[in-house]
Amino acid sequence: MLQSIMKHYGPKSRAMERGIAIHKLFEEKLLGNITGMPNELSKLSKEIKSLANYGGNPEEDWTLTKDFQQTYPTDWNGAWLRAKLDAHAFFPEDNELTIIDLKTGQLNIAQAQMDLYAGMSQFYYPDAEKVRVELWFCDHGEIEGQDYTPKDVKLLWNKWVKRAKA
């Protein structure tokens, strides 16, 4: 456990530094601070342009208290769960939420992470009738995604909370 925690605060590997740099390019592109498409993101250029056109929100912290109320990421006493979304977009005309996690390196499906993001979404977008969580693999130009209904979201959340509390 300590090793898992320390890897975030100790020296960063080349792969970690590369991932941080690519995530920053992704954020800056969505914010409109970069013209053209950075080479590191080129395999997903169509999707990134589309997300930017639909007002995708980059780098957002979702933080909940133990009573599942939204709080600030710096709420060191009240925060029970923190998640950092690489990007998301809500489409009010369809009540649909899309959450994106940018991946660098290997094609590994992070199902638990996808389920957690979907579960947390009910506290940020309670009216969402559909939640889609996508993993965007920028090195491969691949996207893996899953759709969740409000019922799915609640079931997954209850399962996750039970597991976390144990």
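A salt bridge is counted here where a side-chain nitrogen of Lys or Arg lies within 4 Å of a carboxyl oxygen of Asp or Glu. In this predicted model, Arg-18 forms such a bridge with Asp-139, the closest N and O atoms being 2.7 Å apart. Because Arg-18 belongs to helix 2 (residues 14-30) while Asp-139 sits in the loop between strand 4 and strand 5 (142-148), the pair ties together parts that are 121 residues apart in sequence. Arg-18 itself is partly exposed, with a relative accessible area of 38%.

By this rule the count comes to nine salt bridges, and the table gives some of them.

| Pair | N to O distance |
|---|---|
| Arg-18 and Asp-139 | 2.7 Å |
| Lys-84 and Asp-61 | 3.0 Å |
| Glu-134 and Arg-132 | 2.7 Å |

The side chains of Lys-84 and Asp-61 meet in a salt bridge, and this pair links distant parts of the chain, with Lys-84 in strand 2 (residues 79-91) and Asp-61 in strand 1 (residues 57-65), 23 residues apart. Lys-84 is partly exposed at a relative accessible area of 41%, and Asp-61 is likewise partly exposed at 34%.

Glu-134, which is bridged to Arg-132, counts as buried because its relative accessibility is 13%, whereas Arg-132 is partly exposed at 24%. Glu-134 and Arg-132 also belong to a network of salt bridges that links them with Lys-130 and Asp-147.

Apart from these pairs, Glu-93, Asp-94, Asp-127 and Glu-129 form a negative surface patch. Glu-129 lies in the loop between helix 4 (111-124) and strand 4 (130-137), and Glu-129 is exposed, with a relative accessible area of 53%.

Key:
Residues are numbered from 1 along each chain as its sequence is written. This is a predicted model: local features need pLDDT of at least 70, side-chain atom pairs count only at pLDDT 80 or more; totals for chains, interfaces and linings use all residues. Side-chain values use heavy atoms; hydrogens and water are left out. Patches are made of residues with over 30% relative accessible area and no salt bridge: like charges are joined within 9 Å, nonpolar side chains (Val, Leu, Ile, Met, Phe, Trp, Tyr) within 5 Å. Accessible areas come from the Shrake-Rupley method with a 1.4 Å probe; for residues, only the protein chains shown count as cover. Lys and Arg count as positive and Asp and Glu as negative; His and the chain ends are not counted. The place of a charge is taken as NZ of Lys, CZ of Arg, CG of Asp or CD of Glu. Helices (H or I, at least four residues) and strands (E, at least two) are DSSP runs, numbered from the N terminus. Buried means under 20% relative accessible area, exposed over 50%, partly exposed in between (1.4 Å probe, protein chains only).
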